[in-house]
Amino acid sequence: MSDYYELLEVPRNADEDTIKKSYRRLARQFHPDSNKARIASEHMKLLNAAYDVLSDPSKRREYDERLSATARRAAPPPPKPHTRTAPSPQPKAQPRAAAPSPPPPARPRSTTPAWMLWMSVTGVLIVATAVGTLFIMRDSVMALLPQVAASSTRIAGALSAQSSASTTAPPINTLVPSTPTLGSAKNLPSPVQSKAPTIVPTVSAYPVPARAITGTKYTFAEFLNGNGPSDIFVTNANGTLKANVTNTTDRSEVSPSWSPLGTRIVFSEFASGNLYVVNSDGSLPTRITTDTELYDSNPVWAPFGSLIATVSIPRAEYDKGNTQAAKIYVVDFSSRVRRLIADQPGRDLTWSLDAKWIAFQVPSGNGTTIYIVPADRSSTTPFFFNVSQVRRMAWTVDSKQLLYEAYARDTNHDGVVDERDQTEMFVISLQPLAVNPLTKSVTVSSPRGRFPGSPTNGEFYPPVTTTVQPQ
């Protein structure tokens, strides 16, 4: 059975306070609300089971007894002494120098030596531990296997082509972000048509520099070897090249988001709750929030300019697990000015392409409330809509409509509307204000992949522009 002391990383004589502190630390690291890796939810279940037993004195006493009994059963039996035949009087009386000596009597079969027994038991325990570890970390192990073949010739060609092109291009760290007025929509760039795979392939961590990845790029966070701190990676669209742009061991970087033009990446650091910005080649990491009272997460860069929307929660409430205390802020990368724009604990922050509106959803029960708020916190009235359970959202390219995909009907007839049911498309119009099923084709732009489709756990640059047809 699982060793709960090893799971909680405490000694067997740990007191109740030590166990509680270790559990809370590990829970913050592996809770599904902050860690989207599939292995995290499984590990969280093991942590909950371990804490339930070790935090209860009676359960812990029974568990220690079972653990001791298991250890005794796993221990090898003591080696039996070698049997010896009784000496016969004839060989004893016979002189040692006598020739020819009679053939020695047949020796009885001896028992297995003790060292062989210990080696056998140790080998079985090692194999069982390896198999159990591989089973628990099966998703992460599979993530290390390349699903798309990448030859050394192809990688070398990409590196040589990029190195020749980079000789004339200015360095990324010389770019200065623009500082538009909050909510302004001047010089709005036209949406760039791009094509991305329906499912982003999982690729091996080839040792290539980020500059080798050209064209459509995809950024995401990944736990190295399935555990420990996570890093920010960049791949090309088909997954044949992959580069680690943070590559740290003392920080855990999560939730990356592209800046305009794909020159920078903003991410949140899990342990400190601060926001960082790094150039897309991994250079010049810069911390842009340092408020000791707030924990920032899930940053999303506006389609143009230097504004970043983020979810923030007081650290004291974060430690309690009170996610309802979170609020939505906008942080200016250039000036580091922070502005509150919504008092709700939103998720899936989605910018309109003119950078005037931010949409987010607040799940509640079997439904969802979609909020649309002005990015400059102006006198414009925020809107909210009580709708079915939302899967994902995307703005149209003219920033006048918000398309969302929802689980609107119990199509599998199990009495619950959830992710096992089919989805439907709906459109929220701002002028005039209305919510209707999708009845005509619209063009949307989404950094999280083709719409509709499975949302990715990262972002594409440039955003994926899709024409969505009525169902």
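Serine 312 has lysine 327 of β10 as its bridge partner, and serine 312 itself lies in strand β9. Keep in mind that this is a predicted model, where local features need pLDDT of at least 70, side-chain atom pairs count only at pLDDT 80 or more, and totals for chains, interfaces and linings use all residues. Residues are numbered from 1 along each chain as its sequence is written, and side-chain values use heavy atoms, leaving out hydrogens and water.

**Around serine 312**

- Serine 312 is buried, with a relative accessible area of 1%; buried means under 20%, exposed over 50%, and partly exposed in between, for a 1.4 Å probe and protein chains only.
- Leaving aside residues up to four places away in sequence, serine 312 touches residues including Leu294, Tyr295, Asp296, Lys327 and Arg338; contact means heavy atoms within 4.5 Å.

**The sheet that holds β9**

- Four strands make up an open sheet, ordered β8-β9-β10-β11, with antiparallel pairing. Strands are DSSP runs of E with at least two residues, helices are runs of H or I with at least four, and both are numbered from the N terminus; two strands pair if DSSP finds at least two bridges between them.
- At the edges stand β8 (294–301) and β11 (338–342), each with a single partner strand, so one side of each has no neighbour in the sheet.
- Within this sheet, β9 (residues 307–314) and β10 (residues 327–332) run antiparallel and are joined by six bridges.

**Strand β5**

- Six of the six residues of β5 (residues 264–269) are buried, so the rest of the structure largely encloses this strand.
- On one side of β5 the buried residues are Arg264, Val266 and Ser268, and on the other they are Ile265, Phe267 and Glu269.
- β5 pairs with β4 (residues 253–258) in the antiparallel sense over four bridges, and five bridges join β5 to the antiparallel β6 (residues 275–279).
- Valine 266 is the bridge partner of serine 257 and stands opposite valine 277 in β6.
- Leucine 261 takes a positive phi near 70° in the β4 and β5 hairpin, while glycine 273 takes one near 75° in the hairpin of β5 and β6.

**The whole protein**

- The protein has nine helices and 21 strands, and 41% of its 471 residues count as buried.
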